[in-house]
Amino acid sequence: AVNNGLTRLWFGVNVNTLAINNTGDIFAGISRDIFRSTNNGDSWDQTNFGLTSTFTVFAIAINGDNTIFAGTGGATTDGRYVGGIFRSIDNGDSWSLIDSTFLARSFAFNSTGDIFAKGGGVFRSSDNGDSWSPLNRSASALAINSNDDIFVLQSSRVFRSNDNGDSWSSQLDNGLTGSDAIGALAINSND
């Protein structure tokens, strides 16, 4: 069974995110937990040491150095939404909270190692997640092509930055109308 070990005691828990490192290990983010499979999904082990958030794991991404980033978040008892970004440098064996100022729902990396996160806006880190700068662009989806052009989706409009998020153009809307329901962006590997 491919889900051996990837089970919970309650009904209706979904896998929110999957990521695969360059050695083939698979990471799955679900409510409050991260699981790892080292055998192509035949079995799964929980890898939560240091993952202090009790919130949902929304995003997992792995850079070229096999550093893993996890975006978590949820509502507090007083109704605020909070989040945290965790980092693992040991293949998920341990996690450290590196930011708690925004709720990251997706990550993307450019060829120079900068990390981009979508969460209430678009944020950039040039120091492996130690600090984050807002890029003054909200987004519901984020993608980066092999030329390091950044694409964001905002209210059925696609914006592009070719200067690492410092400025944005919106000439990518030909054929899209305000009534088109667009929920995701994907980059063709032959971009």
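Hi everyone. Let me start with Arg36, which counts as buried at 14% relative accessibility. Keep in mind as we go that this is a predicted model.

So what does Arg36 pair with? Arg36 makes a salt bridge to Asp93, and their closest N and O atoms are 2.9 Å apart. Arg36 sits in strand β3 (residues 33-37) and Asp93 in the loop between β7 and β8 (96-99), so this pair ties together parts 57 residues apart in sequence. Asp93, for its part, is partly exposed, with a relative accessible area of 45%.

How many salt bridges does the structure hold? There are 3.

Next on the list is Asp130 with Arg87, where the closest N and O atoms are 3.0 Å apart. That pair links distant parts of the chain, with Asp130 in the loop between β11 (122-125) and β12, and Arg87 in strand β7, 43 residues apart. Arg87 is buried, at a relative accessible area of 16%.

Then we have Asp166 and Arg124, with 3.3 Å between the closest N and O atoms of their salt bridge. Asp166 lies in the segment after β15 (157-161) and Arg124 in strand β11, so parts 42 residues apart in sequence are tied together.

Let's go back to strand β7 for a moment. Ser88 is found there, in residues 81-88, and counts as buried at 0% relative accessibility. The side chain of Ser88 reaches the backbone nitrogen of Gly92 at 2.8 Å.

Now for the nonpolar side. The largest nonpolar core has 12 residues in all, among them Phe69, Ile98, Phe107 and Ile115. β5 (56-62) and β10 each supply at least two residues of this core. Phe69 touches, among others, Ala59, Ile98, Phe107 and Ile115, and also Arg87.

Four strands form an open sheet in the order β9-β10-β11-β12, with antiparallel pairing. β9 (106-109) and β12 (133-134) stand at the edges with a single partner strand each, so one side of each has no neighbour in the sheet. Between β9 and β10 (residues 115-118) there are 4 bridges, and Phe109 has Ile115 as its bridge partner in β10.

Thanks, and I'm happy to take questions.

Technical notes. Residues numbered from 1 in each chain as written. Predicted model: local features only at pLDDT ≥ 70, side-chain atom pairs only at ≥ 80, totals over all residues. Heavy atoms only, no water. Pairing = 2+ DSSP bridges. Buried < 20%, exposed > 50% of the residue type's maximum accessible area, 1.4 Å probe, protein only. Polar contact = N/O pair within 3.5 Å; in protein donor to acceptor, adjacent residues only side chain to side chain. Core = buried A, V, L, I, M, F, W, Y, C linked by side-chain atoms within 4.5 Å. Contact = heavy atoms within 4.5 Å. Salt bridge = Lys/Arg side-chain N within 4 Å of Asp/Glu carboxyl O. Lists of a residue's contacts leave out its neighbours within four places in sequence.
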